[in-house]
Amino acid sequence: MKQLFKADQVYVDGQFRQNWAIYTEGGRIIETGEQSLLERKYHSAVQIDWTGKAILPGTVNAHNHSFQSLLRGIAADRPFLEWRDQALYKYTPLLDEEAIYAGALLAFGEMLKYGVTTVSDFFYVHDGGNALDEAVIKAAKDLGIRLVLARTMYDWDGAPASYRETVPDAVKRTRELAVKYQGNPMVTVHPAPHSPHAASPEMIQAGYKLAVELDTPFHIHVAEEPFEVEETLAKYGLRTVHYLNKLGVLDERMIAVHLVWLEEPEIRLLGEKRAGLAYCPSSNMFLSDGVTNIPGLLAAGVRVSLGTDGACSNNRISVFEEIRMCSLLQKVSRLDGTCINAGQVFRMGTQAGGELLRLPTGDIRPGNYADFVSVDLNDLSLSPATELFANIVYSMQPTAIKDVVVDGKIVVGGGRLLAISESAIVQKINDLLSKWVKKFGT
């Protein structure tokens with residue numbers, strides 16, 4: 001479909017352009033320019049008039065666990081390992097196809113309403129196959145969000161059985177899923193060995209080798225908690241980053257998640273290897289993980305994106321929220337209000353996420369996917385309008401987000417999900433919880 005989106009302001013090339021427009025066709029941005037010029041040039045296009053609004057690139061959620069939205073609020077205010085055992089591990093036996101689909105609808109629906117147009121879902125409840133992975137993919141398709149399925153490869157014997165696979169099975173199933181969706185602009189599959197704690201050296205190396213074969217990034221939790229560092233030191237005599245480097249997997253394909261507990265030599269090595277980071281500040285705060293050294297990582301050359309993590313360890317799943325939290329947390333932890341700025345954190349939540357995931361999204365420019373959001377310039381959180389960009393980063397509330405476009409299709413209109421209503425999703429969740437209580441007394 002040929003469409004011309006017009007707004008009072010459009011964020012292009014790092015600045016707001018007045019009375020600008022975006023012409024899209026086939027799910028891609030073809031051209032941006034002055035409204036009057038594009039109206040004449042593309043007079044046959046369907047015109048979407050967003051007067052009173054500004055258009056921003058959609059945000060990219062570089063790390064989430066969609067099923068965890070079902071467990072939001074459970075085991076709050078607990079240390080990390082207690083939270084893991086009382087929330088994730090305790091409820092895992094209840095996670096069948098119906099539950100995984102419902103949880104993904106809840107997660108993806110909330111994200112879309114808050115301006116996320118692409119999500120990387122680090123998914124590890126496989127239960128011996130790919131059916132549950134397909135349930136996540138179906139939920140993304142049904143709602144219209146762009147999905148990277150970071151299919152987790154997990155073989156630690158202390159985890160629930162439905163997480164665990166042998167190395168050959170994990171490789172085979174991940175490859176099958178990746179090949180099935182190869183070339184699909186809305187679904188991409190990446191290997192994701194879980195972590196140095198939950199994936200054996202053989203599993204980590206197999207995940208990396210598969211990423212090379214598929215020519216994709218690979219995802220891995222790294223140094224989120226002190227216990228993981230202590231484990232790798234005890235087992236291998238190396239801190240986590242040096243351990244991964246010894247395995248031969250540390251390079252530009254790596255999207256490390258968290259990177260909280262690092263020493264300076266590890267930061268330098270990550271930068272030298274051009275590794276990426278999916279940083280989840282709210283989750284790190286909620287679980288009292290610690291504070292990742294973002295200015296140091298940026299200075300070293302690490303490519304930094306933002307993620308929400310799962311909704312039972314955050315408990316919001318808005319990248320605009322993470323943009324704000326990233327800046328505030330870094331400033332207060334260093335007692336330096338200048339250590340990071342609005343432009344840097346906004347880029348982390350948009351363009352940098354697209355670059356790390358190797359997707360042409362997160363930036364409004366010709367050739368990129370038509371993924372963007374509109375915000376209401378009359379929303380109180382964006383007033384006064386003298387410093388609109390700063391207000392978007394530091395003061396904007398979800399009430400300002402009105403429309404969301406993914407692949408050229410309007411999936412949120414007037415602040416409402418269009419494909420599946422919020423009430424229908426909530427009803428599905430309530431029915432599922434009632435079923436759990438009836439069947440398991442949970």
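A cavity here is a set of points, on a 1 Å grid over the protein atoms alone, where a 1.4 Å probe fits but cannot get out. Grid points are joined across faces, edges and corners, and a volume is the space filled by probe spheres set on the points. Keep in mind that you're looking at a predicted model, where local features need pLDDT of at least 70, side-chain atom pairs count only at pLDDT 80 or more, and totals for chains, interfaces and linings use all residues. Residues are numbered from 1 along each chain as its sequence is written, and side-chain values use heavy atoms, with hydrogens and water left out.

**Stop 1: the cavity.** Select Phe80, Arg84, His194, His221 and Glu224, which lie nearest the centre of the largest cavity. Its volume is about 300 Å³, and 25 residues line it (lining residues have an atom within 4 Å of a point). Now colour helix H2 (80–91) and helix H7 (226–236), each of which supplies at least two lining residues. Helices are DSSP runs of H or I with at least four residues, strands are runs of E with at least two, and both are numbered from the N terminus. H2 gives the largest share of the lining, five residues. What classes of residue make up the lining? There are 11 nonpolar, nine polar and five charged residues. Ala, Val, Leu, Ile, Met, Phe, Trp, Tyr, Cys and Pro count as nonpolar, Asp, Glu, Lys and Arg as charged, and the others, Gly among them, as polar.

**Stop 2: Lys6.** Jump to strand S1 (residues 2–12) and pick out Lys6. Is Lys6 buried or exposed? Lys6 counts as buried because its relative accessibility is 10%; with a 1.4 Å probe and protein chains only, buried means under 20% relative accessible area, exposed over 50%, and partly exposed in between. Show Glu39 too: its side chain makes a polar contact of 2.8 Å with the side chain of Lys6. A polar contact is a pair of N or O atoms within 3.5 Å; within protein, one must be able to donate a hydrogen and the other to accept it, and residues adjacent in sequence count only if both atoms are side-chain atoms. Leaving aside neighbours within four places in sequence, Lys6 is also in contact (heavy atoms within 4.5 Å) with residues including Trp20, Gln35 and Trp50.

**Stop 3: the core.** Next, select Phe67 and Phe108, the residues with the most contacts inside the largest nonpolar core, which has 127 residues. Such a core is a set of buried Ala, Val, Leu, Ile, Met, Phe, Trp, Tyr and Cys residues joined through side-chain atoms within 4.5 Å. Helix H3 (residues 97–113) provides the largest share of this core, 11 residues. Apart from it lies another core, of 14 residues, among them Ala7, Val10, Trp20 and Ile55.

**Stop 4: the pockets.** A pocket is an open set of grid points with protein on both sides within 12 Å along at least five of seven lines. About 270 Å³ of space lies in the largest pocket. Select Arg316, Glu321, Met396, Gln397 and Pro398, the closest to its centre of the 14 residues that line it. Finish at the second largest pocket, with a volume of about 220 Å³. Ala140, Lys141, Gly144, Ile145 and Met186 are the closest to its centre, and helix H4 (131–143) gives the most to its lining, with four residues.
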